[in-house]
Amino acid sequence: MAKSQTVRARKHPGSNSLDITVPSRICTNYDIQPGDIFEVEAVLDRSEVKVTYKRVYRKR
C-alpha cells in the first residue's frame with residue numbers, strides 16, 4: 001500500500017467503544033470481510049498511540 005490513509009474514530013451507539021472504519025482499498029487488497037475477527041493491541045510510543053489489528057479468524 002503506497003499511500004497512507006486517515007480514518008476517524010466514531011462513537012459506538014450505546015457504549016463507550018469507538019468504531020474505526022477499515023478503508024475499502026485495504027478490505028479489497030487483504031480480503032477483509034464482515035465477520036472477520038481481529039486481536040487488537042495498543043501501545044504508547046513517544047506520545048503516539050499505535051493501534052495494531054491482527055486477524056485471528058477469517059469468515060469464509
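Start by selecting Asp36, then show what surrounds it: beyond its neighbours within four places in sequence, Asp36 is in contact (heavy atoms within 4.5 Å) with Asp31, Arg55, Tyr57, Arg58 and Lys59. Before you go on, know that this is a predicted model, where local features need pLDDT of at least 70, side-chain atom pairs count only at pLDDT 80 or more, and totals for chains, interfaces and linings use all residues. Residues are numbered from 1 along each chain as its sequence is written, and side-chain values use heavy atoms, with hydrogens and water left out.

Still on Asp36: you'll find it in the loop between α1 and β3. (Helices, H or I with at least four residues, and strands, E with at least two, are DSSP runs numbered from the N terminus.) Is Asp36 buried or exposed? Its relative accessible area is 11%, so Asp36 counts as buried; the cut-offs are under 20% for buried, over 50% for exposed and partly exposed in between, with a 1.4 Å probe and protein chains only.

Now show the side chain of Asp36 and the side chain of Arg55: they make a polar contact at 3.0 Å. That term means a pair of N or O atoms within 3.5 Å; within protein, one must be able to donate a hydrogen and the other to accept it, and residues adjacent in sequence count only if both atoms are side-chain atoms. Next, pick the backbone nitrogen of Gln33, which sits 2.9 Å from a polar atom of the Asp36 side chain.

Next stop: select β3 (residues 37-45) and β4. These two strands pair in the antiparallel sense over nine bridges; pairing takes at least two bridges found by DSSP. Click Val40, and its bridge partner in β4 is Tyr53. Then go to the turn of this hairpin, which has two residues between the strands, and find Arg46 with a positive phi near 55 degrees.

Last stop: Ala9, in strand β1 (residues 9-11). Ala9 is partly exposed, with a relative accessible area of 43%. Not counting residues up to four places away in sequence, Ala9 touches Leu18, Asp19 and Ile20. Finally, draw a line between the C-alpha atoms of Ala9 and Arg25: these residues are 16 apart along the chain, and the atoms are separated by 18 Å.
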